[in-house]
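Here are my notes for your first look at this model. Keep the structure open while you read, and check each point against it.

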Amino acid sequence: MLPDPDPLAGNPPPLDHSPLPRGLLPDGAEIGGGGRLSIAGVDILDLVAEVGTPVFVYDEEHLRRRCRQAVGAWSGGAAYASKAFLCRAMATLVHEEGMSIDVSTGGEMHVALAAGVPGERLVLHGNNKSEAELARAVDAGVGRIVVDSLDEIDRLERVAAAAGRRPRVMLRVTPGIEAHTHEYVMTGQDDSKFGFGLASGGAAEAVARLRDRDCPVELTGVHAHIGSQIFSLDSFEKAVAALGDFFLPLDLPELCIGGGLGVAYVAGESAPTIAEWAAAVREAAAAAGIGPEVLLSAEPGRAIVASAAITCYTVGTIKHIPEVRTYVSVDGGMSDNPRPVLYGSGYEAFLPRAAGAVRPRTVTVVGKHCESGDVIVRDAQLPDDLVVGDVLATPVTGAYGHSMASTYNKVPRAPVVFVREGTSRVVVRRETFDDLLSLDL
Ligand SMILES: Cc1ncc(COP(=O)(O)O)c(C=O)c1O
């Protein structure tokens, strides 16, 4: 059981009856004459009739376009942060589009390698990499290992010496910046489990260790990741400014600013583009005296995948409690989207049969789990004619939904479908009840 975060507390946001903003849908979304939604030429209700609900539907061309934007924006290239969403098909797509892949555990590394991505194209993260994870990374020739602690350096020295290899590493630094975002996804402040602090002298000590003649690694750059879902480019600019004095004397070829670019989830939000993000970092780097010969790189996750997908559910019950609220229960919930419970994140809801309709009815969309906290959208606006059996969708669910999914209450995990040029393909099948038993001995 998760602690009850009281998701129904607080003042409701101002209510807006307007249709779902088009910008929250994937690039390939179109609303047909009758109001029906299609994505990449695939009618969403027809797709749902075929594969069932809940289901994650990703616009493949949207994903590919965002990858290309990231590769084009950064002089040092870009790594896709696979924690946002990973499966074999995604790893293959990202690799085909020229991004390398940030993996933060042995499991993510395993999936990327299983998809055929060469080790050289991987960047291994993690604040507690095991000796086995490091050994696999060294063995697979992982492109860069981002070292996070002195204990990890001890382990890496042993592993590299045993393998007779000299892995390339970057140093994870916490620049002492408090990004404007939820405290659970803030990672650049001094008080952090990640990386080496600038202020504490930890980063300088780690450089000394890594540059010791006997240390069998090659230090190739500095890395900082200040947090996630950040709208203000100012936070990235501050991070670069804070890193400049440390980075410059090291005379290293690469500075990576991590991921963290925010995306709009609800009406009224807007986020910088990947190109604007890169331009702001470039300018801040120049202002800090970091010349164009330094490769500037980044690791976006959310900005690549979030708005590429929608989740479709089926409405099972509509319960009106007079003068309290109307609960609309769907066949998924916190097991396919834990972000509202974890961070109080907001989402929109709409009906794919009437995707352009006004939404005057205020309801609370909840899942089927045994928790009052199992809320997907607290004050959702939906059309008046909503009925049991309707397919209800939430947009911008491509990041940290499927990847954070659980089988809580033994609810099988939802499948993932990619749509492109009028066709669909299931890239992760629906979990079955038998799958739920597959680990039991
Ligand atoms: C080291 C690192 N890089 C990149 C990311 C990706 O962040 P986002 O999905 O916000 O772009 C994360 C997210 O936690 C991270 O920890």
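1. Start with helix 5 and its packing. Its buried residues pack against helix 4 (106-114), strand 7 (122-124), strand 8 (144-147) and helix 6 (150-163). Helices here are DSSP runs of H or I with at least four residues, strands are runs of E with at least two, and both are numbered from the N terminus. Contact means that two C-beta atoms, placed from the backbone, lie within 7 Å.

2. Which residues of helix 5 are buried? In this helix, residues 131-140, they are Glu133, Leu134, Ala137 and Val138. They line one face, because they fall within an arc of 130° seen down the axis of helix 5. The arc is taken from the directions between the helix axis and the C-beta atoms. An α-helix has 3.6 residues a turn, so residues three or four places apart point the same way. Ala132 and Asp139 are exposed on the other side of helix 5. A residue is buried with 20 or more other C-beta atoms within 10 Å of its own, exposed with 12 or fewer, and partly exposed in between; C-beta atoms are placed from the backbone. Just after helix 5, Gly141 has a positive phi of about 70°.

3. Now a caution. This is a predicted model: local features need pLDDT of at least 70, side-chain atom pairs count only at pLDDT 80 or more, and totals for chains, interfaces and linings use all residues. Residues are numbered from 1 along each chain as its sequence is written. pLDDT is the predictor's confidence in each residue, from 0 to 100. The protein averages 94, and 94% of the residues score at least 70. Over residues 1-7, however, the pLDDT is below 50. Where pLDDT is low, the predicted coordinates should not be read in detail.

4. Look next at some backbone exceptions. Most residues other than glycine have a negative phi, and most peptide bonds are trans. Ala40 has a positive phi near 50°. Ala40 sits in the loop between strand 2 (37-39) and strand 3 (42-43). It counts as buried because it has 22 C-beta neighbours inside 10 Å. Tyr400 has a positive phi of about 55°. Tyr400 lies in the loop between strand 18 (391-395) and strand 19. With 24 C-beta neighbours inside 10 Å, Tyr400 counts as buried.

5. From Thr53 to Pro54 it is cis, with omega near -10°. Pro54 is in the loop between helix 1 (44-51) and strand 4 (55-59).
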